Amino acid sequence: MLRAARQLMQRDLLLALRRRSDALMPLAFFLVTATLFPLAIGPDTRLLRSVAPGIVWVAALLSSLLGLQRLFADDHADGSLEQLLLSPQPLEVLVLAKVFAHWLTSGLPLLVLAPLVALQYGLEPEAMGVLWLGLLLGTPVLSLLGSIGAGLALGARGGSVLVALMLMPLYIPLLVLGSSAVVAASDGTGSAPHLMLLGALLAGSLAAAPWATAAALRIAHE
Amino acid sequence: MNWHSLQDFFAMGGYGTYVWGSFSVVFALMLLEVWLLGRREREAQAAVTVHDDEGAA
Amino acid sequence: MNQPYYSTANGARRRLTVFTFASPRNFYHLAGRLIPWFAALGVLTGLAGLAIGMLVAPTDFQQGDAYRIIFVHVPAAWMSMLIYMAMAGWAGFGLAYRTGVSSIMASALAPTGALFTFLALWTGALWGKPTWGAWWVWDARLTSELILLFLYLGYMGLHASISDPRRADRAAAVLALVGAVNIPIIYFSVYWWNTLHQGPSVTLGKAPTMAPAMLAAMLLMVAAFWCYGIAIALRRARCIVLERHGSAAWLRRRMK
């Protein structure tokens, strides 16, 4: 079972490597979005520093939403997803493997880019650190919850917009916790509770999301 | 009775716009929902009868 | 065994089970008989509630007569949450037992739930302006209500985007359940967010200490909205059964 999961993950990574632009575009979107806000709000450093956590998180969220199409759509189109459903391995494990591969190409690069954006906004090192930790815990949740949306939207007409509409309410706790962690770190009130709650969200999503996604995939193939 | 005149009732102690603005929208939309559903039901029933004519042997 | 039985139209006897009304035909008949009762009850409790609330209940000391908005705001808000729970419940039942009528019931509840959510927000804004001076405050409850509206819209959007009605029902059912599980998490995080950024929470919509007439009127209005919700959902479910099973013999006979 683990071998199958690992092979699936390697396959997905190989495919992502061959179609680099698919994976790079959401990251470019992240950078562009994060750059738009200072242009819109003005270069006042104090203001930018205070809105930075929220903006980085929202940009990460939106770029993650854009990248979700890659997760199942191509496999669904050429029939390989159906083959996965027919395999003797538990679908939940296979889903987890795909989501992990997706995170490696969408969430992990964000962890590299986020400090750059934080510099743009003039965040202090301590706040930057908490932002990074929050993203480390939060981007997998984005991929996990996102996989539910991506699975449900298979065979539906709405596309990315539908996925975004479905997932936004579910992303809100993540957004609130992630950005308030940074605010708490800047205030000095301590971000430990926020980060621990983020960890709890991650644990919960790891346990529950593959199950919901697998249900969605089965329904899409009825 | 809490009110001494009809004008008092409509004025709602100065908050008339808010109170009646709320109530009117609530009941208007609920009535609209009922009416739209009625129309949907009539169309569905008509479709069933049409089916019937087509299948009649 | 002494099992309860019911008689069908042609005189056959069938056992009454949990799944009796999972048959579209039985559900259609049952719903048709229930709707008038709930509609009548809704109208009666609504008239009584409005009469007591608008005519008899005293003017509040702090909020003046603006508080009377709670007679529609609170029922709308409560119903919006209750209907989502009911929707998720029916969705879960439909997914677990593959009963189509359960999923139909879930999708019949959604538009009404969304309407109540919107009404809760609208009346909340109109209550907020005179009492707190702002049309919108990022109060935990109002914000959660707004997110609930998005949950409803997501459900309805997904359902509308899938062509096959049975698949649409099941996919939307998964989304409803995921949403239901997330609601406590969302509420908690919004509440936290609100207290973090605003200090002592400015809770919009603190209902005044209730005089008996106020409480009676509010409970009657809640009952009225509840009956309205049930009646409308049953009627919509009947419509959906009509639309989907339009060519069934039992329907064609009935329509004659």
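Author: A nonpolar core is a set of buried Ala, Val, Leu, Ile, Met, Phe, Trp, Tyr and Cys residues linked through C-beta atoms within 7 Å. Buried here is a matter of 20 or more other C-beta atoms within 10 Å of a residue's own, while 12 or fewer makes it exposed and anything in between partly exposed; the C-beta atoms are placed from the backbone. The model is predicted, so to speak of a local feature takes a pLDDT of at least 70 and of a side-chain atom pair 80 or more, whereas totals for chains, interfaces and linings use all residues. Residues count from 1 along each chain as its sequence is written, and chains are lettered from A and ligands numbered from 1 in the order of writing.

Reader: Which residues have the most contacts inside the largest nonpolar core?

Author: They are A:V56 and C:V174, in a core of 165 residues. Helix α6 of chain C, residues 212–244, gives the most to this core, with 20 residues. A helix is a DSSP run of H or I at least four residues long, a strand is a run of E of at least two, and both are numbered from the N terminus.

Reader: What does C:V174 touch, leaving out residues up to four places away in sequence?

Author: C:V174 touches A:L152, A:A212, A:A215, A:A216 and A:I219 in chain A, along with C:L95 in chain C. Touching, or being in contact, asks for C-beta atoms within 7 Å of each other.

Reader: What makes C:M79 count as buried?

Author: C:M79 has 24 C-beta neighbours inside 10 Å, and buried asks for 20 or more, so C:M79 counts as buried. C:M79 sits in helix α2 of chain C and touches C:F116, C:F225, C:W226 and C:G229, leaving aside residues up to four places away in sequence.

Reader: And how do you know whether C:R98 is buried or exposed?

Author: C:R98 has 12 C-beta neighbours inside 10 Å, so C:R98 counts as exposed. You can find C:R98 in the loop between α2 and α3 of chain C. Its phi is positive, about 55 degrees, although C:R98 is not a glycine.

Reader: Why is C:R141 called partly exposed?

Author: Within 10 Å of C:R141 there are 18 other C-beta atoms, which places C:R141 in the partly exposed class. C:R141 belongs to helix α4 of chain C. Its C-alpha atom is 23 Å from that of C:L220, 79 residues away along the chain.

Reader: Why are α2(C) and α3(C) called roughly antiparallel?

Author: Helix α2 (residues 70–97) and helix α3 (residues 100–132) of chain C pack at about 160 degrees, with axes 7 Å apart. Axes are lines fitted to C-alpha atoms, for helices over the stretch in contact, and angles between N-to-C directions run from 0 to 180 degrees. Under 35 degrees is roughly parallel, over 145 roughly antiparallel, 65 to 115 roughly perpendicular, and the rest oblique. The two helices are therefore roughly antiparallel to each other. Their contact holds 19 nonpolar, ten polar and no charged residues; Ala, Val, Leu, Ile, Met, Phe, Trp, Tyr, Cys and Pro are the nonpolar class, Asp, Glu, Lys and Arg the charged one, and the others, including Gly, the polar one.

Reader: What makes α3(C) oblique to α6(C)?

Author: These two helices pack at an angle of about 125 degrees, with their axes 8 Å apart. That angle makes α3(C) oblique to α6(C). Among the residues that meet are C:I104 and C:L109 from α3(C), and C:G229 and C:I240 from α6(C). By class, the contact has nine nonpolar, three polar and one charged residue.

Reader: Which pair of chains has the most contacts?

Author: Of the two pairs of chains that touch, B and C have the most contacts. There, 29 residues of chain B meet 33 residues of chain C. The side belonging to chain B has 16 nonpolar, nine polar and four charged residues. Chain B itself has two helices and zero strands, and 16% of its 57 residues count as buried.

Reader: How does chain C meet chain A, and what about chains A and B?

Author: In that contact, 24 residues of chain C meet 22 residues of chain A. Helix α5(C) gives the most to the side of chain C, with 15 residues. That side has 16 nonpolar, six polar and two charged residues. Chains A and B do not touch, and their nearest C-alpha atoms are 24 Å apart.
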